[in-house]
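User: I'm new to this one and would like to know what the labels rest on. Can we go through it together?

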Amino acid sequence: MNDFAAIDFETANGERSSVCSVGVVIVRGGEVVDTFYSLIQPEPNYYSYWCSRVHGLCCDDTDDAPIFPDVWAQIEPLIAGLPLIAHNSAFDEGCLKAVFRTYQMDYPDYIFLDTLRASRRKLPHLPNHQLHTVAAALGYYMENHHHALADAEACAWIAREIME
């Protein structure tokens, strides 16, 4: 994989549309050339205890954050023409489609690839295929797991190492 955008969303609650942060890592020619991170005011705008416990975000963090369409307007030119890669892409693609529907935005047919599936094929010996486990097995040690940009960076590392 030489050219792609690794993406990760965190959500505020059980609704896929409740994205509250996004991290994006742009890789061109096999090298990281840009990164993007933003908090997002979630829709619906409430936090579940369990989601906050995972990523540490709450209403105080995102009450003054931009809404998704404003954040996506910054991301869209960065990812133009690139496949999107996520660890467990079904979750991140589901979030993206849900938030596009919520804001009645036309959804482009983004191509999503999945480092979780790839790691299961390429590294079957691992005890599990969670993002931090796969990253560590490939020599990348995460310091801030469940921060959207840190997760996108780990995903980009994994993609460069095991995806063709």
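User: Where is the place of Asn88?

Analyst: Asn88 sits in the loop between strand 4 and helix 4. Helices (H or I, at least four residues) and strands (E, at least two) are DSSP runs, numbered from the N terminus. Keep in mind that this is a predicted model, where local features need pLDDT of at least 70, side-chain atom pairs count only at pLDDT 80 or more, and totals for chains, interfaces and linings use all residues. Residues are numbered from 1 along each chain as its sequence is written, and side-chain values use heavy atoms, with hydrogens and water left out.

User: Why is Asn88 called partly exposed?

Analyst: Buried means under 20% relative accessible area, exposed over 50%, and partly exposed in between (1.4 Å probe, protein chains only). Asn88 comes out at 34% relative accessibility, so it counts as partly exposed. Asn88 also has a positive phi of about 70°, although it is not a glycine.

User: And what makes Gln104 exposed?

Analyst: Its relative accessible area is 74%, and the cut-off for exposed is over 50%, so Gln104 is exposed. Gln104 lies in the loop between helix 4 and strand 5. Phi of Gln104 is near 50°, a positive value in a residue other than glycine.

User: How do you know that strand 2 and strand 3 pair?

Analyst: Two strands pair if DSSP finds at least two bridges between them. Strand 2 (residues 19-28) and strand 3 (residues 31-39) have eight bridges, in the antiparallel sense, so they pair by that rule. Within this pairing, Gly23 stands opposite Tyr37, and Val24 faces Phe36 of strand 3. The hairpin has two residues between the strands, and Gly29 takes a positive phi near 60° there.

User: What joins strand 1 to strand 2?

Analyst: Eight bridges, with the strands running antiparallel. Here Asp8 stands opposite Gly23 of strand 2.

User: What makes strand 2 mostly covered?

Analyst: Nine of its 10 residues are buried.

User: How do you know that the reach of helix 3 is close to what is expected?

Analyst: The expected span of a helix is 1.5 Å times one less than its number of residues. Helix 3 (residues 68-79) has 12 residues, and its first C-alpha to its last spans 16 Å, close to the 16 Å expected.

User: Which residues of helix 3 are buried, and why are they said to be on the same side?

Analyst: They are Phe68, Val71, Trp72, Ile75 and Ile79. They cover an arc of only 95° around the axis, which puts them on the same side of helix 3. The arc is that of the directions from the helix axis to the C-beta atoms. Their cover includes strand 1 (4-11), strand 2, strand 3, strand 4 (84-86) and helix 4 (89-102); contact means heavy atoms within 4.5 Å.

User: Which residues of helix 5 are buried, and why are they said to line one face?

Analyst: In helix 5 (residues 115-122) they are Thr115, Leu116, Ala118 and Ser119. Seen down the axis of helix 5, they fall within an arc of 165°, so they line one face of the helix.

User: What makes the peptide bond from Glu43 to Pro44 stand out?

Analyst: That bond is cis, with omega near 5°. Pro44 lies in the loop between strand 3 and helix 1.
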